[in-house]
Amino acid sequence: MRIILAENFEEMSKKAAAIVRSQIILKPDCVLGLATGDTPTGMYQELIKMYENLEVDFSEVTIFNLDEYCSLNRKNAQSYYYYMHHNFFKYINVKKENTYIPNGTAPDIDEECRNYEGQIKNKGGIDLQVLGIGANGHIGFNEPDINFEAETHLVKLDKMTIEANSRFFSSKDEVPTTAISMGIKTIMQSKMLVLLANGETKANAIYKTVKGKICPEVPASIIQLHPNATMIIEKNAAKLLLGQ
Ligand code: GLP
């Protein structure tokens, strides 16, 4: 895996956006896998600026999101559907029919998961998957003790994740306890991975991901086996890696 260190959030975001832009220039009809959370927000802003400056064109791009909470309506401001539309899609020229986010309120969640996985395969798989990382080492919503063989599936959220994500909700009780997530197998089948990490709360997870043994307790550690993975790590998130 390649490690790129960034001085700050802005530099991390610019580097990530530049990689996404390069992917679209190389293959205008590429399939992107995208993430939510605080970490990629700067990257989305950079990509929007690039789009406004005619440096990138999303008209042929397809986008699959990593995950979605179960039970939240798409209109709910905490749903990832809402997040993607309000942070990114409405500012660029991606076609609505080319954007895919799991439906967390589908009547049959297992069927929704199978369909989602099928849609990714029908599009030829993901060319570039952008990832954040949880403080417990999760990617997507693949929580510790994950089965590395899983494709898109229903997950039960870890206590630590519910705690961390409660900052977006008015109380911890409002955080959904389950979600749909691409599985580790789905993520590992992407042709390229770019993981972003920002802030000291991620330092331990980043250290274990890069230097630790590959184990289901640290889901992101599997990335060590990916043939084309890049991590863009802001300096506070890289503290333990740098021995600080
Ligand atoms: C969430 C998402 C992940 C995200 C992670 C980190 O639970 N499911 O896709 O990468 O947590 O979020 P943040 O970037 O806000 O720290």
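**Note on the ligand and its pocket**

1. The ligand takes up the space of the largest pocket; "sits in" here asks that more than half of its atoms lie within 2 Å of the pocket's grid points. A pocket is an open set of points on a 1 Å grid over the protein atoms alone, where a 1.4 Å probe fits, with protein on both sides within 12 Å along at least five of seven lines; lining residues have an atom within 4 Å of a point.

2. Before you go on: this is a predicted model, where local features need pLDDT of at least 70, side-chain atom pairs count only at pLDDT 80 or more, and totals for chains, interfaces and linings use all residues. Numbering runs from 1 along each chain as its sequence is written, and side-chain values use heavy atoms, leaving out hydrogens and water.

3. Now the polar contacts (pairs of N or O atoms within 3.5 Å). A polar backbone atom of Asp38 is 2.8 Å from a ligand oxygen, and a side-chain N or O atom of Asn165 is 3.0 Å from an oxygen of the ligand. Gly140 uses a backbone N or O atom, 3.2 Å from a ligand nitrogen.

4. How much of the ligand does the protein bury? Taken alone, the ligand exposes 390 Å², and 95% of that is buried (Shrake-Rupley method, 1.4 Å probe).

Methods
Polar contact = N/O pair within 3.5 Å; in protein donor to acceptor, adjacent residues only side chain to side chain.
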